[in-house]
Amino acid sequence: MAIQLKRAGFSNFTIYEKAEEVGGTWRDNTYPGAACDIPSHLYCFSFEPSNYFSRRYAEQPEILNYFRHCARKYDLYRHIRFRTEISAARFDGKSGVWRITTTAGDNIECHVLISGTGQLSRPHIPNLLGLESFAGRRFHTARWDHSRDLTGRDVAVIGTGSSAVQAIPRIASVVRSVAVFQRSPAWVVPKSDHVYRTAEKWMLRNFPLWGFIRRSMIYIGLEKRFLALREGSWAASLVKRKMEWALYRAVTDPVLREKLLPAYPVGCKRIQLASDYFHALCRPNVTVVTDPIERIVPEGVLAGGTLHRADTLIFATGFEATRFLAPMNIRNSDNTALKDVWHNGAEAHFGITVAGFPNFFMLYGPNTNLGHNSVIFMIECQVAYVLDCLRCLIDRDLLWLDIRPEAMASFNTALQSKLVRSVWAGGCSNWYKTADGKVTNNWPGTTLSYWRRTRKPDFAHFRLQARA
Ligand code: NAP
């Protein structure tokens with residue numbers, strides 16, 4: 001967003017960041033094995049392709065470096081106020097100004113407020129009985145405690161989502177034992193990863209067109225995966241068979257196989273890409289525990305009446321994904337809080353604007369997450385859309401613009417009618433939906449359909465307030 005603001009000639013903007021460095025997810029998630037499950041050549045901005053990734057699926061340090069490189073190259077650091085957390089924002093409709101407060105008590109005014117706070121930034125730690133009594137060290141995958149050397153230790157990992165699937169193979173080979181507490185197994189497809197050969201890197205660095213073709217091929221390949229997210233489709237059954245086959249080949253123990261075979265539709269939870277996960281679970285020092293956790297005790301985890309001894313407890317238990325923008329207190333000029341508007345689950349118009357909250361835009365907001373393609377593509381669509389709105393504000397000399405409630409309502413009615421029939425709605429628990437089952441995080445279509453529909457804002461759907 002900042003880069004495109006600069007390119008469009010907007011220089012009067014400030015980025016507020018509560019941490020000490022850029023990078024978001026890729027700054028915070030430093031657990032062993034952290035990597036992106038989207039090929040790196042697509043997991044970068046279209047205007048800033050990187051030809052320096054060492055492998056098809058780059059790991060966290062390289063991805064973080066890429067985002068730091070972008071911030072440096074486009075001279076963003078001087079726009080960023082680090083260690084500054086926004087606690088509240090209130091819109092004044094008369095002056096068309098957002099009044100923002102930081103946790104340090106500073107007040108800031110701006111005409112336009114854009115959030116880029118992500119969906120997976122606040123770790124979720126379950127409230128397990130006896131947790132405080134645990135005598136060892138405990139931490140969440142997104143807050144990895146690197147001061148804890150795991151060599152020779154007894155570790156308990158709770159959760160089997162993407163973070164666990166990536167971390168477990170890396171730690172299993174160094175620890176004495178790992179107990180993996182699995183509430184539901186993951187569908188896992190082998191990861192076709194490889195280190196780039198010198199010739200491949202040379203091609204990418206010397207022939208930008210080749211990089212573009214590659215990127216386009218990856219994009220089309222991933223976009224096709226959307227077909228597998230439709231329950232009962234031939235693509236879903238093909239992928240399911242491929243994953244069942246991978247499980248049967250990797251795991252010979254029928255009891256373990258049984259534990260690892262999901263009973264929910266493919267795609268309901270994020271499909272995991274891993275070639276080393278099942279092998280790690282077959283190691284003699286790894287136990288997959290499917291009994292529900294009864295309580296945490298000083299010596300470990302009690303489940304199914306058995307004590308699983310551990311001196312380190314790792315929460316791979318995900319994030320508070322459906323609480324968008326929490327804990328910020330965002331209010332409109334009627335003093336209505338956004339969290340109250342969203343009491344039945346967050347919603348927006350294309351995940352970008354919310355009726356009643358003028359001049360406020362979200363990036364990676366409600367219903368813009370994907371199960372099949374790169375979210376960077378979605379964010380670029382949102383950035384272009386926001387820029388068009390800013391141009392409209394300036395060109396038409398507006399005080400504010402605000403999506404009409406009826407436009408947002410009809411958009412969400414259509415969206416939810418698709419989502420209730422989607423693979424994410426039933427059949428499993430996942431982070432895409434609220435406790436009531438409303439899917440608040442995912443976009444129900446292809447990325448191409450999102451691009452087509454957000455390509456130009458329809459200003460007939462907005463209330464436009466001229467300056468007095
Ligand atoms: P997640 O997918 O939400 O997984 C959380 C895991 O914790 C699930 O297995 C869940 O079980 C379990 N869990 C939660 N509360 C529990 C409790 N009280 N008792 C026992 N188990 C509990 O979280 P994540 O693995 O951190 O991944 C989140 C998302 O981040 C991913 O879906 C992905 O979008 C992104 N991510 C991507 C990558 C990548 O690119 N490869 C890597 C990491 C993260 P249930 O399934 O039964 O609820």
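**Entry 1**

I take two strands to pair if DSSP finds at least two bridges between them. I note also that the model I am reading is predicted.

I recorded six bridges between strand 3 and strand 4, in the antiparallel sense. For Arg90, I found the bridge partner in strand 4 to be Arg99.

Strand 14 (residues 300–303) pairs with strand 15 over four bridges, in the antiparallel sense. Gly300 has Arg309 of strand 15 as its bridge partner.

**Entry 1. Helix 12**

I checked the length of helix 12 (residues 405–419), which has 15 residues. At 1.5 Å a residue the helix should span 21 Å, and its end C-alpha atoms are 20 Å apart, which agrees.

Which residues of helix 12 are buried? I listed Ala407, Met408, Phe411, Asn412, Leu415, Gln416 and Leu419. Seen down the axis of helix 12, the buried residues fall within an arc of 150 degrees, so they line one face of the helix. On the face turned away from that buried side, I found the exposed residues Glu406 and Thr413. I then looked for what covers the buried residues, and the cover includes strand 19 (398–403) and helix 13 (447–454).

**Entry 2. Cysteines**

I first reminded myself that a disulfide is a covalent bond between the sulfur atoms of two cysteines. With a cut-off of 2.5 Å between the sulfur atoms, I counted one disulfide. It joins Cys268 to Cys428, with an S to S distance of 2.0 Å. The link of Cys268 and Cys428 is left-handed, with -95 degrees about the S-S bond.

I next asked where the two partners lie. Cys268 is in the loop between helix 8 (254–260) and strand 11 (272–273), and Cys428 is in the loop between helix 12 and helix 13, so the pair ties together parts that are 160 residues apart in sequence. I found both Cys268 and Cys428 to be buried.

Cys70 is in no disulfide, and the nearest cysteine sulfur, that of Cys44, is 8.0 Å away. Cys70 is buried, with a relative accessible area of 2%. Cys381 is likewise in no disulfide, the nearest cysteine sulfur being that of Cys389, 14 Å away. I recorded a relative accessible area of 7% for Cys381, which is therefore buried, the limit being under 20%.

**Entry 3. Backbone exceptions**

Most residues other than glycine have a negative phi, and most peptide bonds are trans. I searched for departures from this pattern.

The peptide bond from Ala326 to Pro327 is cis, with omega near 0 degrees. I placed Pro327 in the loop between strand 16 (312–315) and strand 17 (329–331).

Asn335 is not a glycine, although its phi is positive, at about 70 degrees. I found Asn335 in the loop between strand 17 and helix 10 (338–341). At 38% relative accessibility, Asn335 counts as partly exposed.

Is Tyr364 buried or exposed? I found Tyr364 to be buried, with a relative accessible area of 14%. Tyr364 has a positive phi of about 55 degrees and is not a glycine. Its place is in the loop between strand 18 (360–362) and helix 11 (375–395).

Note on methods: Residues are numbered from 1 along each chain as its sequence is written. This is a predicted model: local features need pLDDT of at least 70, side-chain atom pairs count only at pLDDT 80 or more; totals for chains, interfaces and linings use all residues. Side-chain values use heavy atoms; hydrogens and water are left out. Helices (H or I, at least four residues) and strands (E, at least two) are DSSP runs, numbered from the N terminus. The expected span of a helix is 1.5 Å times one less than its number of residues. Buried means under 20% relative accessible area, exposed over 50%, partly exposed in between (1.4 Å probe, protein chains only). The arc is that of the directions from the helix axis to the C-beta atoms. Contact means heavy atoms within 4.5 Å.
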